[in-house]
Amino acid sequence: MSELSARPIRILVVDDHPILREGVAAILEDRDDMQLVGEARDGAEAIEQYRVLQPDVTLMDLQMPGMGGVEAIKAIRDEQPNACIVVLTTYDGDVQAVRALKAGAMGYLLKSSLRTEMLDAIHSVSQGRRYLHRNIADEIALHILDDGLSEREVAVLQLVAIGKANKQIAFELGISEETVKGYLKAIFTKLNVADRTHAVTIAARRGIIQL
């Protein structure tokens, strides 16, 4: 075995929860083929740590205070096009996954499968292959032909999610109430739902909006 192939895979973990970072460290602790070289608590710190450490694989949370994971992935990939980044998240929404993959992530892993799939994911992306949790792949396939929501429709639904009435939404977005109703009708059709509550539930689950 050559010195290069014997070198452990160097890993950076990015998550605002210390328990998660400790969990990753515990899984990697006794392995000879992988080494945890650094930790970061948010997207901005992840970019700084990546520049200094140049890890082989970065495990990146999406929802973090300050700069989130998608923005950090894009920034790192803009500087290092070959960066291998695996999303590590609690959310299995297809829209959020596609957003992360388009930003440059090579893998998407649920935190619930950390102990069973993380090592395989790290090996896969370090060798240039994508790795998607089965649930994520199924969700993406299920909705691949869907007509996605426009930016304005997402903005309307995000305001619905925080309890705004049509009149308030119209005022905040500078449009008429009739236009708001038109957007809601289109949203219901695209999400295949019948009411506002169901629309918010589906959109949050898929990662279209954040609650």
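Biologist: How many salt bridges does a search of the whole structure find?

Modeller: The search finds 15 salt bridges. The structure is a predicted model.

Biologist: What makes the pair Arg206 and Asp146 a salt bridge?

Modeller: Their side chains meet at 3.8 Å, N to O. The cut-off is 4 Å between a side-chain nitrogen of Lys or Arg and a carboxyl oxygen of Asp or Glu, so the pair qualifies. Arg206 belongs to helix H11, and Asp146 to the loop between H7 and helix H8 (151-161).

Biologist: Why is Arg206 called buried, and why is Asp146 called partly exposed?

Modeller: The relative accessible area of Arg206 is 7%, and buried means under 20%, so Arg206 is buried. Asp146 has 34%, which lies between the limits of 20% and 50%, and therefore counts as partly exposed.

Biologist: How do you know that Glu172 and Lys164 meet in a salt bridge?

Modeller: The N to O distance is 3.0 Å, within the 4 Å limit, so the pair is a salt bridge. Glu172, at 43% relative accessible area, is partly exposed, and Lys164, at 23%, is partly exposed as well.

Biologist: Why are Lys181 and Glu178 separated by about one helical turn?

Modeller: The two are three residues apart in helix H10 (residues 177-191), which means a separation of about one helical turn. An α-helix has 3.6 residues a turn, so residues three or four places apart point the same way. The side chains of Lys181 and Glu178 form a salt bridge at 3.5 Å, N to O. Glu178 is exposed because its relative accessible area of 56% is over 50%, whereas Lys181, at 41%, counts as partly exposed.

Biologist: Which residues do salt bridges with shared partners join into one network?

Modeller: That network consists of Asp15, Asp61 and Lys111.

Biologist: What makes Arg21 count as buried?

Modeller: Its relative accessibility is 11%, under the 20% limit, so Arg21 is buried. Arg21 lies in helix H2 (residues 18-28). Apart from neighbours within four places in sequence, its contacts are Val13, Asp15, Asp16, Glu39, Ala40 and Arg41.

Biologist: Why are the buried residues of H7 placed on the same side of that helix?

Modeller: The residues concerned are Ile136, Glu139, Ile140 and His143, in helix H7 (residues 134-143). They cover an arc of only 100° around the axis, so they share a side of H7. Arg134, Ala141 and Leu142, on the other side, are exposed. The cover over the buried residues includes helix H5 (94-103), strand S5 (107-110), strand S6 (131-132) and helix H11 (196-206).

Biologist: How do you know that the buried residues of H4 line one face of the helix?

Modeller: In helix H4 (residues 69-79), the buried residues are Gly69, Val70, Ala72, Ile73 and Ile76. Seen down the axis, they fall within an arc of 160°, and therefore line one face. Helix H3 (43-53), strand S3 (57-60), strand S4 (85-89) and H5 are among the elements that cover them.

Biologist: Which residues touch the most other members of the largest nonpolar core?

Modeller: Met60, Ile73 and Ala100 do, in a core of 26 residues. Two or more residues come from each of strand S1 (9-14), H3, H4, S4, H5, S5 and H7. Leaving out neighbours within four places in sequence, Ala100 contacts Leu62, Val70, Ile73, Val87, Ala105 and Tyr108. In soluble globular proteins, nonpolar side chains tend to be buried together.

Notes:
Residues numbered from 1 in each chain as written. Predicted model: local features only at pLDDT ≥ 70, side-chain atom pairs only at ≥ 80, totals over all residues. Heavy atoms only, no water. Helix = DSSP H or I, 4+ residues; strand = E, 2+ residues; numbered from the N terminus. Buried < 20%, exposed > 50% of the residue type's maximum accessible area, 1.4 Å probe, protein only. Contact = heavy atoms within 4.5 Å. Arc of directions from axis to C-beta. Core = buried A, V, L, I, M, F, W, Y, C linked by side-chain atoms within 4.5 Å.
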